[in-house]
Amino acid sequence: MHIRIRVLKFICNFDLIQNTLFMKKILIIIGIIVVVASISAVIGYKFLKKSVTSSNAASAIYGVPIDAVYIIQTTNLYECIRKIEHENDMWTELLNIPAINKYNAQLNFLDSLFRLNQKAKYLIKNKASLVSSHLTSDDKIDYLFLVSMPESVTIEEISEFFNAMIRGKATVRQRKYNNIDIYDVKFSGKKDNDFSFTLYKGIFLLSFYPILLETSVRQLDTEISLLSDKGFKKIIKTAGQNVDANLYINYKELPRLLMIYGDKQYKKDFLPIKHFACWTELDVNLKKDGALLNGFSYTNDSSNNYLNVFLKQSPQTITIPEILPGNTSVFLAMGLSDLTKFHRDYKKYLQFSGYANKQAQEINAIKKETGIDIEKLFISAIDKEIGIAFTDIENSKDFENNSYIIINTKNRTDAEEEFSKLITAYATKSKTDESSFKSDYKLDDQTVFKMYKMPYPGIISKLYGSMFSKVNANYFTFIDNFMIFGNTPKSLGEFVHYKILQKTLGDDNNYKQFYDNLTGTSNFYFYSNIARSPRFYSSFFNQKISKIIIDNTATFQRFQAFAFQFKSMNDMLYNNFYIKYNPVYLDQPRTIWETKIDTLVKSRPLLVENFSTDEKCIFVQDEAHNIFLINSVGNKLWRLDIKEKIMGEVYQVDYYNNGKIQFLFNTKNYIYIVDILGNYLKQFPLKLRSLATNGLTLAEGKKKDFTIYVAGEDKKIYAYNKDGGVVKEWGFKKTDNPVYSKIQFYKQEKKEYIVFSDTRKTYISDKKGAIKIKLEKEILRSKNNPFYLHADKKNVKLVTTDTSGAIKIIASDGSVTSKKIKTFSSDHYFLYEDVNNDGKKEFVFADKNKIEVYKENTALIYQQEFEGTISSTPVLFSFAKNAKKLGFICRDVGKIYLLNSNGSLYSGFPLLGKTMFSIGYFTKDSDNFNLVVGGSENYIYNYEVK
């Protein structure tokens, strides 16, 4: 890619991009060959468009030195430069990186140059073009640019063009090399921009490394070229003609390129890539939000290429994602139709590499010790799939403890029995207590599963390749028909937890949409969630490249994922690469766990007491009117279908006065009391005498007795006792209009008040329904807001707002006073609480996208604006050391907020959420608070709040 950067430098005379390291980094961003291929093609597209015809390509190919690392070919450089500015969202995203943005200005200049200079346009348009990359003697990479020219074009015309472009900026010197005229362009004081060009045998050649150009000239005088290479000759025939570009990769030369930019500790890992295959050709097809590359790899079956082990394997459907945790960052799976043949071919590959004897010794040692052939044991267990996965590697400091090996077994019962025999044999031979290898792992009271200790933890990497070496496989368990190996019991417990919560990668809609661009079957499938992994990838590269990745983390996180597949086809291997740009994907929740219920979460999840476990549970309703009780690890304890939406609050009551909690609430037709086991109490559900217009209100009395108040469509206020009977003492008749807002119960010293409002009038009665306070003038109360009690030694007052946001204060004698701070919309929310812990209550207004907090004297304390519309009354949460936080939701942008007492955002917020949330401890010994909220795709999110 440097060729384009440098051409732009000397033409444009803009400020130089001093460091082209980023472009180099793009070529090796993932650090393994599959990603090198993909990213190279994506970036290459920025200046290469439409594949060349076979005849034109062939003529230019003759000039490419045979040590090329990779080659990109096209026919229309001008068209590409025009389109890239208008049709590629990925390129727009990359402009957020300063070096690329500076580079883009130069690209725009070149575009305008072509439009204004018809000769320049003529020289480039519809001409077969190639860019080949080569490693120089001092371990740097340089490029050769080749364009097939019409016979009518002369070197004098090309020289005239360059002279006109660089006049006054550089000198052009002509020299002879092998009787060929070569032109050297020298910039004063800017040696890095110097380049050489010539025209030989109908091919225009340009390079910033003169030796590379001279090598090409010499090669054109011989019969040796890339077309002399059997592998390249075969692979070029597979190249697509009607595609955006063609990319060719030479595995023999690739390791040196990777080692230049890799971190020292990983350099040795790049060496085996030279034995991956011979050549790969990829057709590049660019989408607005992604890039798709596919084509064939050629591997000589008489050589020690790794891909040979897959040539005789039929492609398989990979089902491992169905079991993988939803926070999987990277996984790799192999689909094998014939395990016996795979082992035979893999041993042949190891013989070439010199590792066959070591593998045989380890297998024989296990057989000698236990009498069991470990290779045959795995062959008998595996049903065509084996894979490795890493979860949450962006957050984990020790990703090896988030690492797993997954086997799809032919039969779980048989596999469990056979591996138990291995444990028994090992324990007997080593005189170890067999029970120490088997245990029950308890996730919660409802979830217990068998955990086994693996006697030979490192053997899987010996059988199936070093790619499995990151997982020691110290322990294993079973989920459905899958066998899962992990490094620790805890990590296996977390794996199982995700499956119980139905939070698997296969269930994730983003992954499903991504997978639609891939082939249904494969022999090898590599998937990487780029958005979760920038810091992980940066660890593979040298310090300079690592810094670029870290500094631009936000940009890379908008590239959702990358995948690479291959499968055997016609004695070659067909490859499929896909990279997905998805800026929305950046907004993914970082939760402790997520649990899936039947439909979207409808209500605010509530933290409720569970007397049987002495911990908190979650009570919630979904859109299908099911109610759930979920424990502290996200496991659903029970589910009830109550047919209707819950209106108003859910109360926790001790109906029997025995310390056991039940849940009280109402729907339009019924009052419910449900116990902790999901059972209805006797008399309940209770059919209401009139359809409810609001949520019920609980008024607790003496000896834990209580009364239930609810408004009906018949404009009556009903009072029920705890057994569901009508309270005979309640004598209130009717309101003038329907009551939609909550009925409120206040108890001040020995006085009790029942307060409610219809659409025009406010009523303040005693517990018998007799009016206690009659307002001297009515207020048009705001629909979203309740009354707040303001009590001191002398007075009891009720505080609310009217539809314009004026604060209304009702005194015990019925007088009404007003405070007008400003006019708010009729949809505003109002809170009257001590939000800054100064011992005095403040006026809090939430209106549209703004929060405003005022003192009692109406002086502004703070105001804050947010990206979405505030859609709930703010809730005041109390934390340790009397710290108070204000919480609310902006439903239209799907974000929840928590504000400090000075109005600043609490650390880590906003978070993703679709409902109002609850905060509290799940257990008494918790160090941090838990925040539970309804999320997208039917999930409940559990965040940790420190």
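In which helix is the place of Lys376? Lys376 belongs to helix H16, residues 374–381 (helices, H or I of at least four residues, and strands, E of at least two, are DSSP runs numbered from the N terminus). This is a predicted model in which local features need pLDDT of at least 70 and side-chain atom pairs count only at pLDDT 80 or more, whereas totals for chains, interfaces and linings use all residues. Residues are numbered from 1 along each chain as its sequence is written, and side-chain values use heavy atoms, with hydrogens and water left out.

**View 1. Lys376 in helix H16.** Lys376 counts as exposed because its relative accessibility is 58% (buried is under 20% relative accessible area, exposed over 50%, partly exposed in between; 1.4 Å probe, protein chains only). A separation of 9.8 Å lies between the C-alpha atoms of Lys376 and His343, which are 33 residues apart along the chain.

**View 2. The open sheet E41-E42-E43-E44.** The 4 strands of this sheet follow that order with antiparallel pairing (two strands pair if DSSP finds at least two bridges between them). Strands E41 (829–833) and E44 (860–865) stand at the edges; each has a single partner strand, so one side of each lacks a neighbour in the sheet.

**View 3. The pairing of E42 with E43.** Strand E42 (residues 842–847) pairs with strand E43 (residues 850–854) in the antiparallel sense over 5 bridges. Asp847 is placed opposite Lys850 of E43.

**View 4. Ser872 in the loop between E44 and strand E45 (875–878).** Ser872 is buried, its relative accessible area being 10%. Residues up to four places away in sequence not counted, Ser872 touches Tyr829, Phe888, Ile889 and Met916 (contact means heavy atoms within 4.5 Å).
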